[in-house]
Amino acid sequence: MTSVSLRMLRFTVVRGGLGMLAVRRTCVSPRLSHSTPQSNIRPIKKVMVANRGEIAIRVFRACTELGIRTVAVYSEQDTGQMHRQKADEAYLIGKGLAPVAAYLDIPDIIRVAKENNVDAIHPGYGFLSERADFAQACIDAGVMFIGPSPEVVRQMGDKVEARALAISAGVPVVPGTAFPISCLHDAQVFAETYGFPIIFKAAYGGGGRGMRVVREYEELEENYQRAYSEALTAFGNGALFVEKFLEKPRHIEVQILGDKYGNVIHLYERDCSIQRRHQKVVEIAPAFQLDPHLRNRLHSDAVNLAKMVGYENAGTVEFLVDRQGKHYFIEVNSRLQVEHTVTEEITDVDLVHAQLHVCEGRSLPELSLKQDKIRVNGCAIQCRVTTEDPSRGFQPDTGRIEVFRSGEGMGIRLDSASAFQGAVISPLRLPPGESHRQREGPADSSLQDEPSPGRVQSARGQGHVEVFQCEQEVVEGLDRDFDQLVVVDDQVLQIDQPCKKMTNENPLLCLSSLQTNIPFLQNVFSNHQFLNSTVDTQFIDENQELFNLKPTQNRAQKLLHYLGHVMVNGPTTPIPVKAKPSSIDPVIPPVTLGDPPLGFRDVLLRDGPEGFAKAVRAHQGLLLMDTTFRDAHQSLLATRVRTHDLKKISPFVSHNFNNLYSLENWGGATFDVAMRFLSECPWKRLQELRALIPNVPFQMLLRGANAVGYTNYPDNAVFKFCEVAKENGMDIFRVFDSLNYLPNMLLGMEAAGAAGGVVEAAISYTGDVSDPMRQKYSLDYYMQLADELVKAGTHILCIKDMAGLLKPQSSKLLIGSLRDRFPDLPIHVHTHDTAGAGVAAMLACAEAGADVVDVAVSIALEKVFDYSEYWEVARGLYAPFDCTATMKSGNADVYENEIPGGQYTNLHFQAHSMGLGNKFKEVKKAYTEANKLLGDLIKVRHEECDPPSKIVGDLAQFMVQNNLTRAEVEERADELSFPLSSLEEGLRAAHNDEITPEDVMSAAMYPKVFQEFKEFTVTNFGPVDCLSTRLFLDGPKIAEEFEVELERGKILHIKALALGDLNKAGQREVFFELNGQLRSEMKFHPKAQKSIKGQVGAPMPGKVVEVKVEVGSKP
């Protein structure tokens, strides 16, 4: 297991003409022709790195190139770290200590070095790298310290003393106190002298802790107390000093290199202005758009200060540059820094090679490192990628790296560490009150001074995966706007070229189950100000658009996550019966090449809704609406048929059934079920089917003022819904209200008409118009309702017989009467053949003058067999939902119970879930009694889309469950707790994601369902709609190989390898092979096991509302 302080990668650039770093670094190799006395040289044969992760590996590589043997040290928690394996030898330190504390155990590190004949210790960065006592301990033990002398480390580590030295060297400093202040009064005096704003800084540490900006006198006392408390907690000393605060400065640092003989050179500068909370995020070398005179002053001041203190080895002098171009010394980092790679890339100097040779006693001239030979060759950018979520205030994330791909190629240098597929990022924390940092500059990166492999902020236990990427591009002789260029040593450097590489997904692609700041960094590198102007330390704070993040898809891994979940826990959608999907996929009938023939939709597009209605009425013969794509499977399979199977047969329908009046394929219950149970977008279904069937009109069910929801919505929401539906390919809006409530219907009709759709007003049919004893829903009732709908401007009139109650005799009476009254209006009859008399009823309707009737499969006989065969086999895929055990054929008891066809299967499903599957006959009888109790309601569809039907169904099951008769319910009405039938929530107030107009409508109709759908598809499991139905419901079998098409031309080849046993944590491991590559195991919580104490299963998903028992209760 790797720790959270994991530095995954460092990316840097290789200059165009040189392909091997070793070739470029030969200039640093020792030369024998210079005058360094051989007696002063102590050859290094073995080097220990007192650090971990990326920087340790970086130093090991340099040692190996120079033929030096390497030694790693590691904590107990780092036994799996890569740096341990990269060294020639590795030894445990800090046994029994916390992870960070182990790397701070100076006595143990020195012990290991002496026991194993180590010649020199490289401290890396972070941990002990700037501890003077560690440098002294090395020297006392006879081990060389690869860095400055202990005295210089001490001087530079004390900010007050470093400031005084800078003043002595003539280097400008920010006005501030010469020594730490002792009380609030000292701060008040300073503020009165220099004015606001001022800044408090911890005297013995940095990284943003103990730093407080004060802009007004009223804020002074509070910020003083907070800064003191933070410094005391983080560094063990609350001493503060005060400086004048510079508004929006640039942060520029100069890389220096010195030897034991007083030679000091600079290797140009880096711009580290892009920071968050004083922590570096992006570094650029050389600094962009820096005045040449200012650049020279920065270089000379850095070198002069280093010479004055006798600096040797590598270090960095840091400055702030104000808006007037004045520079001020901040501090010296007496060590190698994280961002040293960008300097290496623009100067062709291997800094670690140089460190090792200088430590041996060689001079800079001997290494051919003379100031006049150091040239800038291009520019380089480095960024820091962490496992933090920028959208949540950079909250740290932990977990396992499920997928890892690094950037490679021209212009990118890869410094790898412990980043690999399967690595676990877990938080590391320091013991209370302990800090591994002695000091830190005011703008040091949170990554830089912490444990090098990628580190953790000790105060927050922050987990980081760090990727460092640098790029270099040299452009000469281009005629471009000078504002976009920076000129150094007569070379033209263009910053936008490396940024283009940085923003591409190919160079930097680290996909995992973890959140990273990669989208945020990509926004930085494409920001106009960043590319075309200078930036300052307030850049991130002032550009909030950087936080408009584009989420990563990671579709393949999310699909594996879903498949593994199904293999362990079963399907995510509730299954009513214990049946497996068929293993046989339906055969797709062949389709001729070319465009499909013209159909009625072409008439609609040419002549509009009125012309379409006239063409329907003028058509010779009976037209058909195919309900197979929606209403038929709603009645049989509880609306569970997936877009995946609808799409496969769509081209056949388009080419062979172009003469259909319409195809009912959307709206109603299928809208929310698509999101709720199938985890697919209903709008995407409409768009894809429209593209495959361009010639047949589409018809949807619109619930009047309820649109496709279960409650009244604002008028503008209904109008907008119809508009968006029409734009996405919907043609005919069948508008109805479950109670035939005219005002609700009129609103839906108006909305559909305003959107440009065909308005088909539907009257919900119940009762029996041919029975003179049933007068509540008489012929006059329907005729009066039809008059109002025609008057309101419906293009087509529909009779909606959802329970299949329309008998042949009633059909002739009702349809004949309507035809006589409205001779020019098309009439459509929509029914369910629940009783088995549907064909006779439809023939009677046709004889009476109906223009359109419904079929579940089109009756174009020459093609019907192929079409029927496809759906017959496809139905087998949905065997878990095919719970019509009591309805294998027509059932005339519907004339008694009046259960709508769409509700029948849902009611059966619900009865099974409640343990009433064996009493479904009683439930049907109770349905009749419940309907009478509630006043003989119109029941048009299944319980989810028709509140009256749901209320009747709920009451029927309640009666059976509690063994109640109708008389008993009436008698005990006051004391019974009846089931609640609630409606969906209203419009959501806001949505955080960037959403389409279609998403807005989905959220408006079903806010909670939409939110769960987005979490399922975006956050958890990805685009499961591209899986076959059997895989979606049942998952793959072990050793099964299959393909998944994410999009055109992008196909995944997947093989399920193994399913592990249940472990002690109640988890299983699932292994896959994806595109020939082994994916690390994923863990999923299994379902409740009866054999395991404490696990309790539930018959259906839901929420525990109340616990009725207590510990110790007896049954």
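## The barrel

In this predicted model, eight strands close into a barrel in the order 24-25-26-27-28-29-30-31, and their pairing is parallel, where two strands pair if DSSP finds at least two bridges between them. From one strand to the next the twist averages 30°, with angles running from 0 to 180 degrees between N-to-C directions and axes fitted as lines to C-alpha atoms, for helices over the stretch in contact. Helices (H or I, at least four residues) and strands (E, at least two) are DSSP runs, numbered from the N terminus. Strand 26 (residues 698-702) and strand 27 (residues 732-735) run parallel and are joined by four bridges, and glutamine 699 stands opposite isoleucine 732 in strand 27.

Helix 23 (residues 682-692) packs on the sheet, where it touches strand 25 (662-667) and strand 26, and its direction makes about 160° with that of strand 25; contact means heavy atoms within 4.5 Å. Helix 26 (residues 779-791) also packs on the sheet, touching strand 28 (758-764) and strand 29 (796-801), and its direction makes about 160° with that of strand 28.

## The annotated site

The UniProt annotation "binding site", from an unreviewed entry, covers Asp631, Lys800, His830 and His832; such annotations may be inferred rather than shown by experiment. These residues span 202 residues in sequence, yet no two of their C-alpha atoms are more than 12.0 Å apart, so they gather at one spot. Aspartate 631 has its place in helix 20 (residues 631-637).

## Two packed helices

Helix 24 (residues 715-727) and helix 25 (residues 742-754) pack at an angle of about 40°, with their axes 8 Å apart. That angle makes helix 24 oblique to helix 25, since angles under 35 degrees count as roughly parallel, over 145 as roughly antiparallel, 65 to 115 as roughly perpendicular and the rest as oblique.

In this contact, Asp715, Val718, Phe719 and Cys722 of helix 24 meet Leu747, Glu750, Ala751, Ala752 and Ala754 of helix 25.

## A hairpin

Strand 32 (residues 1041-1047) and strand 33 (residues 1050-1059) pair in the antiparallel sense over six bridges, and the bridge partner of phenylalanine 1042 is isoleucine 1054 in strand 33. The hairpin of these strands has two residues between them, and in it glycine 1049 takes a positive phi near 85°.

## Basis of the values

Residues are numbered from 1 along each chain as its sequence is written, and side-chain values use heavy atoms, with hydrogens and water left out. Because the model is predicted, local features need pLDDT of at least 70 and side-chain atom pairs count only at pLDDT 80 or more, whereas totals for chains, interfaces and linings use all residues.
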